[in-house]
Amino acid sequence: MNATTQPIVRMQGLNKHFGELHVLKEVDLEVTPGEVVVVIGASGSGKSTLIRCINGLEEFQQGELEVDGNRLEPHGKSGKALQKIRTEVGMVFQQFNLFPHLSVLDNVTLAPMKVRGWSRDDAEENARRLLDRVDIADQADKYPTQLSGGQQQRVALARALAMEPRLMLFDEPTSALDPEMIGEVLDAMRELAKEGMTMVIVTHEMGFAREVADRIIFIHKGAIEEQGPPEKLFDNPQNERTQSFLSRVLKH
């Protein structure tokens, strides 16, 4: 990475509490444009909370957080900065969150028309291009309930991309899918990585993480324990907790 490149995400000393539970502890993180960062760790370690803080879906209590030059304030007091971030950051969740009463095409065109003010023709042209990009152009007129889980998740991906985000967040996007459908979603994400999309991905798919990540971050009980390029973190982890976690999840 170019040392002069401004980070698209800058997180410093971030702390997040749910009541008495200290979920994120003094987290420092920077993500540079074009970088693919994969966050791994045990269930309940704070991975999903971390990326949900980036686009303001979760409030934090202490620390600093800037996304694409927009500063989010603690306790959700962010106003216009949050609105701006929501238009610049796309997110794909575990669940597809598609509108069941709208066709696939309408699901993908809705936000650009409502938020960006695009014309119907422009939004449709863009949507069809994106549906083709994730290999479901032939499903445009169907409704979400008529699609497989893998197809629905690719519609969700196209919908997020329709807003032309500068950053994409993925919160375990394959965890709700049947095993045979996981590959088609990961393939679409691989293509995004090749095209240079900046991504922060929470996943349990370790083979995929090794393949696409520029950097792996291991979180344990809300704190970043270790990070580095995949070959270093997977093949030669330095931290005992990282070693223990990987010994459980990596299949030899």
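I will start with one arginine and then go through some salt bridges and the cores.

This is a predicted model, so to speak: local features need pLDDT of at least 70, side-chain atom pairs count only at pLDDT 80 or more, and totals for chains, interfaces and linings use all residues. Residues are numbered from 1 along each chain as its sequence is written, and side-chain values use heavy atoms, with hydrogens and water left out.

Arg159 sits in helix α5, residues 149–161; helices here are DSSP runs of H or I, at least four residues, and strands are runs of E, at least two, numbered from the N terminus. A salt bridge needs a side-chain nitrogen of Lys or Arg within 4 Å of a carboxyl oxygen of Asp or Glu. The Arg159 side chain does reach the backbone oxygen of Phe96, at 3.2 Å.

The whole structure has 18 salt bridges. Asp235 pairs with Arg210, closest N and O atoms 3.1 Å apart. Asp235 belongs to helix α8 and Arg210 to helix α7, 25 residues apart. Asp235 is exposed at 52%, while Arg210 is partly exposed at 37%.

Last, the largest nonpolar core has 48 residues, meaning buried Ala, Val, Leu, Ile, Met, Phe, Trp, Tyr and Cys joined through side-chain atoms within 4.5 Å. Helix α6 gives the largest share, seven residues.

Conventions
A polar contact is a pair of N or O atoms within 3.5 Å; within protein, one must be able to donate a hydrogen and the other to accept it, and residues adjacent in sequence count only if both atoms are side-chain atoms. Buried means under 20% relative accessible area, exposed over 50%, partly exposed in between (1.4 Å probe, protein chains only).
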